[in-house]
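Look over the sequence and the coordinates before reading on.

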Amino acid sequence: MTPLLELRNLKKHFTIAKNKTLHAVDGVNLEIFPNEILGLVGESGCGKSTLGRTLAGLYEKTAGEVFYRGQKLPQKYRVSDFVHLSREIQMIFQDPYSSLNPRMTVREIIAEGPRLAGMWKSTEVTTKVKEWLERVGLAADHASRYPHEFSGGQRQRLGIARALAMEPKFVICDEPISALDVSIQAQIINLLAELKGKFGLTLLFIAHDLSMVRYVSNRMAVMYLGSIVELGESDDVFFSPKHPYTQLLVGSNPEPDPIKEKNRPYVDLHGEIPTPVNLGVACRFAGRCPKVGDRCRTETPLLRPVGKNHFVACHFVE
Amino acid sequence: MSSLLSIRGLKVEFSTYGGTVQAVRGVDLEVHKGKTLAIVGESGCGKSVTVQSILGLIPSPPGRIVSGSALFNGTEMIGKPVNELNKIRGKHIGMIFQDPMTSLNPTMKVGDQIMETLLIHGRYSKSEARARAIKLLEDVHISEAKNRVDHYPFQFSGGMRQRVMIAMAIACEPELLIADEPTTALDVTIQSQILHLLRELQIKNKMGLVIITHDLGVVARMADNVAVMYAGQVVEHGTAEEVFYKSLHPYTLGLKQALPSPAMERSQLIPIEGAPPDLFSPPRGCGFYARCKQAMTICSDNNPREFYEGSHMGRCWLHHPQAKGVEV
């Protein structure tokens with residue numbers, strides 16, 4: 001199958017001071033296939049949101065290439081690129097409070113993109129906005145309200161409507177549920193799944209909640225300090241993780257089961273997640289890895305196949 | 001078992017421009033020595049307000065404790081004058097606040113912030129307090145504590161700031177530690193470290209622990225007892241095993257079904273439809289009525305009383321002898 005999106009050695013670095021470079025995304029190779037949900041997990045600061053934003057064109061790429069349907073995407077987006085690519089690639093943001101303009105009505109928020117792209121005539125805006133509000137489970141008469149009149153879950157529905165009104169093929173969901181209460185999270189997940197099926201979407205689902213990512217996605221990529229350390233079918237990565245970091249993540253993931261949790265062995269891991277500044281040639285996890293060896297400090301491990309559709313970047317995994 | 005903290009009939013209101021919010025509507029809770037109580041619930045259910053009111057941390061106005069009592073080691077905390085509260089807060093009761101980014105003073109070195117507690121409550125000289133601050137930072141696994149003690153909060157990562165907060169809260173070896181969402185801002189590996197640390201401290205000092213959280217995974221790992229709050233009331237209360245495996249309240253069941261199961265088989269997520277009620281004008285009947293799949297006629301107008309199975313409480317009419325039981 002030809003991938004919908006292909007990332008080749010994608011890098012996004014930020015210069016934070018003289019001679020100090022933050023390697024937020026550092027050489028990511030990834031293929032995303034049509035109609036799949038690819039989950040991207042990792043802890044804060046690992047570069048997963050930067051990766052998503054770079055794919056959406058919100059950041060200029062430092063190096064590497066991204067191909068969308070075989071077409072190379074521009075290194076830096078110009079206004080005309082946004083106009084044309086926003087109909088293909090859209091993003092749903094983490095924070096439903098800061099990602100909606102408080103001075104725009106719901107109608108303006110949802111209609112802005114399609115109007116700019118010339119998709120909706122001014123006479124059909126009212127009907128179209130109404131349709132989208134109903135699709136995401138809001139009422140048609142909400143169109144004249146402002147974002148502050150909605151709860152967090154409702155705002156996230158607005159964010160979804162705004163993104164999908166552009167009729168994109170590929171949607172980047174950057175932690176779309178982490179700001180919401182448990183009882184509301186499931187509502188949003190079910191809504192995303194329903195709309196994905198209806199419009200044949202491909203999703204990149206970025207989150208730090210392992211159980212949820214495993215539930216939502218077909219494949220799962222684990223990111224640590226700017227690079228992908230494990231990639232495979234969600235169940236394979238979740239139930240038989242190969243990379244020591246993934247093992248640690250899965251081992252620390254609390255599950256709602258008291259008997260299981262109270263018998264869970266505590267894995268003592270020393271150290272903090274380092275900041276990816278001025279990375280040298282070494283495994284990025286070497287400082288915290290229980291299985292670290294000499295080779296890890298002198299050679300960066302690359303992703304290599306360890307099973308069917310299962311890839312791990314570790315020197316020691318068979 | 002001796003009760004360390006006992007809350008009875010607590011009611012708290014806030015006056016706002018939009019009217020009066022009945023944030024806590026009659027809460028009873030019990031914390032025992034050396035045990036952990038987890039208070040679970042979604043944002044706005046009153047879980048933070050409940051613990052803040054026993055420490056006199058409700059700003060008044062707009063807040064007002066309408067009624068209720070909170071006995072800590074037998075002494076009444078509600079209505080205690082500030083100078084007396086100050087002898088208890090920080091010394092006998094420690095509190096870890098939710099947001100480590102905003103709860104530390106950005107203009108003070110972390111060592112000085114820890115020492116402040118020790119100098120006010122303890123019989124420490126300045127140099128002893130400093131040595132103790134370094135020891136505390138080591139206890140919370142902050143490396144190079146000797147240098148770190150002179151750093152400012154901005155020089156620490158989120159996880160480390162949270163540990164500094166814990167060091168402050170346990171500085172005087174409190175008998176009761178209240179942790180309001182202690183790990184919400186943290187990553188899972190760091191969360192594991194912090195939870196483990198709290199457990200160690202609890203065992204060492206026979207400390208009572210109250211954890212406020214909405215993460216059922218954290219509850220499962222830490223709690224001896226669980227109180228589930230909804231719309232300003234405790235709707236279910238029991239041991240962790242009772243609440244997780246034999247839930248008495250439809251809301252608790254709903255929460256569990258809304259989470260992805262870590263089992264191999266993927267079951268459909270069942271969301272709780274709707275949103276919590278507006279506490280400006282709380283419903284006359286059960287707070288969960290509008291979202292409950294098993295709601296009956298009686299639920300709309302009559303707030304359920306507490307029904308018990310042993311010490312396991314569920315505030316739901318389904319447990320009335322004339323109703324059928326909750327089907328789990």
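**Interface and backbone**

Chain A and chain B bury about 3,800 Å² between them, with carbon and sulfur atoms giving 56% of that area. Buried area here is the accessible area (1.4 Å probe) that two parts lose on being put together, summed over both. The model is predicted: local features need pLDDT of at least 70, side-chain atom pairs count only at pLDDT 80 or more, and totals for chains, interfaces and linings use all residues. Residues are numbered from 1 along each chain as its sequence is written, chains are lettered from A and ligands numbered from 1 in the order in which they are written, and side-chain values use heavy atoms, with hydrogens and water left out.

Chain A brings 38 residues to the contact and chain B brings 45 residues, where contact means heavy atoms within 4.5 Å. One salt bridge is counted between the two chains, a term for a side-chain nitrogen of Lys or Arg within 4 Å of a carboxyl oxygen of Asp or Glu. In this salt bridge, the side chain of B:R221 meets that of A:E261 at 2.7 Å, N to O. On the side of chain A that touches chain B, the elements giving two or more residues are α6 (182-199), α7 (210-216), α8 (234-239), α9 (244-252) and α10 (258-262) of chain A. Helices (H or I, at least four residues) and strands (E, at least two) are DSSP runs, numbered from the N terminus. Of these elements, α6(A) gives the most, with seven residues.

Within chain A, helix α1 (residues 48-55) is mostly covered, six of its eight residues being buried. Buried means under 20% relative accessible area, exposed over 50%, and partly exposed in between (1.4 Å probe, protein chains only). The buried residues include A:L51 and A:L55. After α1(A) comes A:G57, with a positive phi near 85°.

Most residues other than glycine have a negative phi, and most peptide bonds are trans. A:N9, in strand β1 (residues 5-17) of chain A, has a positive phi near 50°. A:N9 counts as partly exposed because its relative accessibility is 40%. B:E181 also has a positive phi, about 45°, and lies in the loop between β7 (176-180) and α8 (188-205) of chain B. With a relative accessible area of 5%, B:E181 is buried.

Two cis peptide bonds remain to be described: one joins B:S60 and B:P61, with omega about -10°, and another runs from B:P61 to B:P62, with omega near 10°. B:P61 lies in the loop between α1 (47-54) and β4 (63-72) of chain B.
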